[in-house]
Amino acid sequence: MKDFSEISEALAGTPLFSGKTWRVAAEPWRFSEEAARGLREIGDACAAFYRALERLYLAGAAGKNLLRNGELRAPWAAEILDRGKPPELLAHGRAPALAGTLPPVIRPDLLATETGFALTELDSVPGGVGLTAFLARLYGCADAMPELFLNAVRGGNADARVVVAVSEEAATYRPEFEWLAETLRRERGAAIEVCDPNELEISDAGVFFAGKRADVVYRFFELFDLANFRGAAALAAQAERGNVRVVPPMRAFQEEKLSLALFRHPSLEPFWREALGERHFGTLRGIVPATWIVEPLGELPAGALLHAPRPMRDWQELARAPRRERDFVLKASGFAENAWGARSVTVGNDASQTEWAAAVDEALSAGARGSLYVLQEFRKPKRVPFAVFDDAGTRRETLGRARICPYYFVGPDGSTTLGGALATVCPADKKIIHGMSSASLAPCAF
């Protein structure tokens with residue numbers, strides 16, 4: 001194991017960590033082989049979930065029956081997933097040329113709780129691939145992530161030229177993609193470069209960067225950010241014509257947190273059981289917390305109740321709930337600039353009555369504008385021992401709470417490979433786990 005000086009020197013020598021002040025982990029986060037098998041099963045279940053979600057969305061939008069053995073129609077599910085999106089983006093997401101396309105990299109956020117993992121979000125445009133790969137090398141863990149990323153993005157075309165397009169909104173992630181591309185060029189001879197989306201040259205002849213044709217554009221920007229990309233419509237058209245492979249595909253229904261609320265909706269359970277199969281359904285059912293869509297509905301019919309944590313006729317009843325009845329997280333679903341990171345997150349039992357009521361009001365106001373929020377059961381991460389280096393380089397044993405982010409790379413046949421994982425360990429008094437200055441980041445060793 002490297003010592004503090006070696007790790008610190010390596011971290012200081014790369015732009016991946018420029019300006020960041022995370023605490024230095026003393027060692028990797030270690031998984032047993034049994035735990036690793038569990039993580040691999042979660043990856044297979046997540047890929048199956050995306051396939052089922054496509055079926056739910058497209059069949060729902062067409063008003064078709066969702067079941068092979070029975071009758072179930074849910075056009076409302078597609079309508080909710082479409083809400084607040086521009087028509088041209090929705091039309092592109094339904095284009096026949098995109099049928100069956102999955103994100104090449106899938107990353108769930110898994111909280112380590114006393115009863116196992118809690119899957120709080122699924123990210124199809126995940127940051128951290130390069131950062132996790134760099135840390136895995138530094139700490140002596142498995143070193144397959146760069147090649148797995150390349151193979152997944154290429155989608156079976158071993159000679160594909162890849163351009164990673166990182167928007168200004170996501171510029172803090174650009175150094176890790178620069179490192180990843182440089183590593184793949186040096187070690188694999190890969191044709192891969194990084195640019196701003198507005199540097200792409202798009203015409204009827206295809207998509208080009210620096211005068212060379214791109215076979216694949218890896219999109220590292222959120223779909224709400226398309227307005228800042230002047231070539232968005234042209235890129236979508238080239239993808240539909242088969243002149244370029246855009247991954248993750250620009251399919252808005254794949255990027256909404258409310259898809260987990262649809263998974264936990266009781267009226268859709270027969271669909272999910274059939275579409276996923278009992279094995280994957282059971283895996284996800286055990287780790288996805290109860291989740292609800294928060295939307296302004298107006299006056300309900302007499303006798304009707306919301307699909308909510310308890311019998312309610314109005315979400316304002318939740319706003320008035322005392323702290324002991326607020327074991328929930330409220331957060332923006334997806335198509336909004338505050339829907340990533342922890343920007344929109346409010347933990348109910350950690351907020352004052354005034355703060356909680358204001359958060360509910362904001363969620364309902366946003367919903368009226370077409371930007372939905374979700375409410376999710378809060379599953380508290382367990383306290384775990386973890387070793388870090390202090391500023392003087394002395395190893396310290398601490399207690400923290402952990403989020404595990406495994407990276408699954410999707411092959412051309414739809415299979416998933418667990419390429420690596422990043423553990424974010426925060427002090428035990430923190431309710432929201434993210435890359436804060438008091439957190440530690442450690443690669444996972446299997």
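Helix 2 (residues 33-61) and helix 10 (residues 269-287) of this predicted model have axes that come within 9 Å and cross at roughly 140°, the axes being lines fitted to C-alpha atoms over the stretch in contact, with angles from 0 to 180 degrees between N-to-C directions. The two helices are therefore oblique to each other (under 35 degrees counts as roughly parallel, over 145 as roughly antiparallel, 65 to 115 as roughly perpendicular and the rest as oblique). Helices (H or I, at least four residues) and strands (E, at least two) are DSSP runs numbered from the N terminus. Residues are numbered from 1 along each chain as its sequence is written. Local features need pLDDT of at least 70, side-chain atom pairs count only at pLDDT 80 or more, and totals for chains, interfaces and linings use all residues, while side-chain values use heavy atoms, without hydrogens and water.

The contact (heavy atoms within 4.5 Å) includes Ala 45, Ala 48 and Phe 49 of helix 2 and Trp 272, Leu 276 and Arg 279 of helix 10.

For helix 5 (residues 129-138) and helix 7 (residues 174-188), the axes come within 7 Å and cross at roughly 60°; this pair is therefore oblique as well. Among the contacting residues are Phe 134 and Arg 137 of helix 5 and Trp 179 and Glu 187 of helix 7.

Four strands form an open antiparallel sheet in the order 12-15-13-14, strands being paired if DSSP finds at least two bridges between them. Strands 12 (291-294) and 14 (346-347) stand at the edges with a single partner strand each, so one side of each lacks a neighbour in the sheet. Strand 12 is joined to strand 15 (residues 373-377) by four bridges, and Val 294 has Tyr 373 as its bridge partner in strand 15.
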